[in-house]
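Trainee: I would like to go through this model and ask what stands behind each label.
Mentor: Go ahead.

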Amino acid sequence: MPRLQNVRLAKVSLRPGAGNMVNGILRKLVLLKESNSLPLPKLEGDDRAQARALAILYSHPVWMVRRWTKHLGQEKAIKLMMWNNDDPSFSLRANSGKGVTRADLVMQFNMLKVPHELSSHLDHFVRVKTGLQSIIQAGLLKQGLCAVQDESAGLIVSVVNPQPGDSIVDCCAAPGGKTLYMASQMHGQGMLYAIDINKGRLRILKETAKLHQVDGVITTIPSDLRTFAESCQLKSDKVLLDAPCSGLGVLSKRADLRWNRRLEDLEELKKLQEELLDAASILVKPGGVLVYSTCSIDPEENEERVDAFLLRHPEFRIDPVDRYVPPGFVTKRGFYSSDPVKHSMDGAFAARLIRTL
Ligand SMILES: C[S@@+](CC[C@H](N)C(=O)[O-])C[C@H]1O[C@@H](n2cnc3c(N)ncnc32)[C@H](O)[C@@H]1O
């Protein structure tokens with residue numbers, strides 16, 4: 001955030017005098033940085049000391065640094081933190097539900113002089129590094145011509161592989177990024193049940209579905225998935241559980257998130273993910289598919305939750321995702337995984353599980 005913005009923020013949120021103090025500190029920091037004399041911590045000592053130094057150097061909580069160093073090794077953990085600190089790039093999805101093609105979108109971006117790049121993984125997606133504001137101001141999102149959607153989320157939809165005529169349940173659907181993309185691939189045939197506990201967010205989904213002209217195949221169900229599944233007779237071809245998670249794969253776009261997350265949150269989330277997985281599994285018909293996904297890169301929220309689920313539910317088996325996403329995104333065990341450093345997109349995970357007949 002630019003210095004003057006920080007000064008203004010301090011004045012508004014604390015008191016007018018605080019602005020001067022923040023200004024003084026930031027000026028001094030800029031001078032020290034320019035003369036290469038910032039007093040930086042040294043990367044030395046035991047693991048704990050090194051994690052503390054890295055946490056300061058790359059501005060991440062110590063617990064995250066320790067976790068990533070353990071799972072990824074120090075070199076990759078540093079690259080990940082650098083990615084998180086870099087300016088994020090965004091991708092936009094052309095809304096085929098409204099007949100908009102990627103070529104149409106590219107034409108609009110050219111007119112707006114927004115530099116862009118075609119996604120090499122997904123037909124409807126275009127990447128932009130700068131210029132998102134121009135796209136918003138030109139009203140392309142308000143008109144429902146496109147949606148901001150990361151390719152990592154688009155690839156989760158590829159794992160679900162929605163087809164016209166399918167009956168699909170999106171268990172944690174709001175605000176609807178994946179619901180809308182799935183609906184656009186159903187060409188008006190079939191039904192997509194969008195469940196979410198958050199009524200307000202589900203209302204947004206409903207309104208956006210109308211705007212995107214895909215509302216004909218969507219039924220919204222405001223409910224806690226756990227209570228809904230207990231009383232429901234519905235059995236579907238495909239069930240997507242895009243579970244509430246730590247969001248550790250999307251830190252480049254959510255500057256505040258790293259400081260709001262605590263290690264203890266993971267324990268609570270893991271319990272919720274298991275309960276939701278059990279509930280979602282009830283909605284899958286024999287031979288049907290359950291896709292479990294997160295926007296986390298943490299094995300405890302991903303592979304480990306799937307393994308624990310498979311132990312509780314031997315009637316499900318892993319269906320490797322290599323038929324649905326490019327090889328670079330397929331893990332040894334047949335899961336989908338996007339890696340911010342390797343793929344230059346958000347981190348995400350998905351497992352495709354089939355209920356035996
Ligand atoms: C990761 S977000 C889903 C994002 C969405 N799939 C998308 O692509 O836009 C997780 C969602 O789970 C919902 N949720 C949390 N607990 C739930 C529960 N017990 N039953 C149903 N939905 C729940 C939250 O309200 C939140 O909207």
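Trainee: Which residues come nearest to the ligand?
Mentor: In this predicted model, C172, G177, N198, L225 and D242 come nearest, out of 18 residues around the ligand. Elements that each supply at least two residues of that shell are α9 (177–184), β6 (191–196) and α11 (225–231). By class, the shell has 9 nonpolar, 3 polar and 6 charged residues.

Trainee: What does UniProt list as "binding site"?
Mentor: The unreviewed entry lists C172, A173, A174, P175, G176, G177, K178, D196, D224 and D242.

Trainee: Why is G177 called buried?
Mentor: A residue is buried if 20 or more other C-beta atoms lie within 10 Å of its own. G177 has 21 such neighbours, so G177 counts as buried. G177 lies in helix α9 and, leaving aside neighbours within four places in sequence, is in contact with A147, Q149 and A153.

Trainee: And what makes A174 count as buried?
Mentor: The cut-off is again 20 or more; A174 has 23 C-beta neighbours inside 10 Å and therefore counts as buried. A174 sits in the loop between β5 (167–170) and α9. Beyond four places in sequence, its contacts are D196, N198, R201, L202, I204 and L205.

Trainee: How do you know that A174 and D196 are in contact?
Mentor: Contact requires C-beta atoms within 7 Å, and D196 is among the residues that A174 contacts.

Trainee: Where does UniProt place the domain "SAM-dependent MTase RsmB/NOP-type"?
Mentor: The unreviewed entry gives residues 80–356. That span is 35% helix and 22% strand, with its end C-alpha atoms 38 Å apart.

Technical notes. Residues are numbered from 1 along each chain as its sequence is written. This is a predicted model: local features need pLDDT of at least 70, side-chain atom pairs count only at pLDDT 80 or more; totals for chains, interfaces and linings use all residues. UniProt positions are given in the numbering used here, feature names are shortened, and annotations may be inferred rather than shown by experiment. Helices (H or I, at least four residues) and strands (E, at least two) are DSSP runs, numbered from the N terminus. A residue is near a molecule or strand if its C-beta atom, placed from the backbone, lies within 6 Å of it. Ala, Val, Leu, Ile, Met, Phe, Trp, Tyr, Cys and Pro count as nonpolar, Asp, Glu, Lys and Arg as charged, and the others, Gly among them, as polar. A residue is buried if 20 or more other C-beta atoms lie within 10 Å of its own, exposed if 12 or fewer, and partly exposed in between; C-beta atoms are placed from the backbone. Two residues are in contact if their C-beta atoms, placed from the backbone, lie within 7 Å.
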